[in-house]
Amino acid sequence: LLDDLGRGDAKDSLPLLAITMDRLFRAYGHLGELRREQYEQLGGLAGAIESAFEAAFEAALRLYGLFHTRADLLTMLRGAFIPWLAEIDNESGVPRRRVALFSELDARTLPLIRLLVDARLLTTDGLDGETVELAHEAIMRQWKPLREWLIDEHGALTTLGALRQATAEWHYAKQTRDGLQHRGRRLLA
């Protein structure tokens, strides 16, 4: 673990360690000891997130009749992540996690979302469970499908982020016509 931590991206080290240790304990904790072979079976630090998603996918395919293939799962999950669970920071242009309401998500994705919460890749608020978000921003950098979706949708997410900010400013300006920032080409985009 320490060797792998030293080779990885320092800002993702703690989240990767947390996910890896959680996965090891869940899979092998009942044996009373954790072994290197088990760590390697899970893919080490680099594969911890991927293996957690794959385990959730296998459970979704086994438990629910909603999904027929891994491709179905990825399509549904993309619709949940983009634009509900990920956004682009307006200042830095860097992807970041976003808190979403369960009611915003396609109801067909909710069984898979619940499995990802169980896998601790997503979290819900502790009070009433009405919101959901990525457990760590490291997931955006480390899980290849999400990383690629964010690259593909960067422009659209940037536009959406600007629109969300303008909407908040318009509400703050008491919804007056002067508070509208989207006109002409900006409105069209």
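My entries below go from the overall picture to single residues.

**Ground rules.** I'm working from a predicted model, where local features need pLDDT of at least 70 and side-chain atom pairs count only at pLDDT 80 or more, while totals for chains, interfaces and linings use all residues. Residues are numbered from 1 along each chain as its sequence is written, and side-chain values use heavy atoms, with hydrogens and water left out.

**Overall.** I looked up the secondary structure and got 10 helices and 5 strands. Helices (H or I, at least four residues) and strands (E, at least two) are DSSP runs, numbered from the N terminus. Of the 189 residues in the protein, 37% are buried. Buried means under 20% relative accessible area, exposed over 50%, and partly exposed in between (1.4 Å probe, protein chains only). Then I checked contacts, meaning heavy atoms within 4.5 Å. Among those between residues at least 6 apart in sequence, 57% join residues at least 24 apart.

**The core.** Which residues have the most contacts inside the largest nonpolar core? They are F53, L77, F81, I113, I139 and W143, in a core of 48 residues. Two or more residues each come from α2, α4, α5, β1, α6, β5, α7 and α8. The most come from α4, which gives 9 residues. For the record, a nonpolar core is a set of buried Ala, Val, Leu, Ile, Met, Phe, Trp, Tyr and Cys residues joined through side-chain atoms within 4.5 Å.

I clicked on I113 next. Not counting residues up to four places away in sequence, I113 touches L77, A80, L85, F102, L105, L122 and V132.

The largest pocket holds about 170 Å³ of space. A pocket here is an open set of points on a 1 Å grid over the protein atoms alone, where a 1.4 Å probe fits, with protein on both sides within 12 Å along at least five of seven lines; lining residues have an atom within 4 Å of a point. Grid points are joined across faces, edges and corners, and the volume is the space filled by probe spheres set on the points. Which helix gives the most to the lining? It's α4, with 6 residues. The lining includes R23, A52, E58, R62 and D118. By class, I noted 6 nonpolar, no polar and 5 charged residues. Ala, Val, Leu, Ile, Met, Phe, Trp, Tyr, Cys and Pro count as nonpolar, Asp, Glu, Lys and Arg as charged, and the others, Gly among them, as polar.

**The sheet.** I found 3 strands in an open, antiparallel sheet, in the order β3-β5-β4. β3 (100–101) and β4 (122–124) stand at the edges with a single partner strand each, so one side of each has no neighbour in the sheet. Strands pair if DSSP finds at least two bridges between them; β4 and β5 have 3. In one of them, T123 has E133 in β5 as its bridge partner.

**Single residues.** T158 sits in helix α9 (residues 154–172). Leaving aside neighbours within four places in sequence, T158 is in contact with I88 and N90.

Two backbone notes to finish. The peptide bond from I82 to P83 is cis, with omega near 10 degrees, and P83 is in helix α5. R120, in the loop between α6 and β4, has phi near 65 degrees, a positive value in a residue other than glycine.
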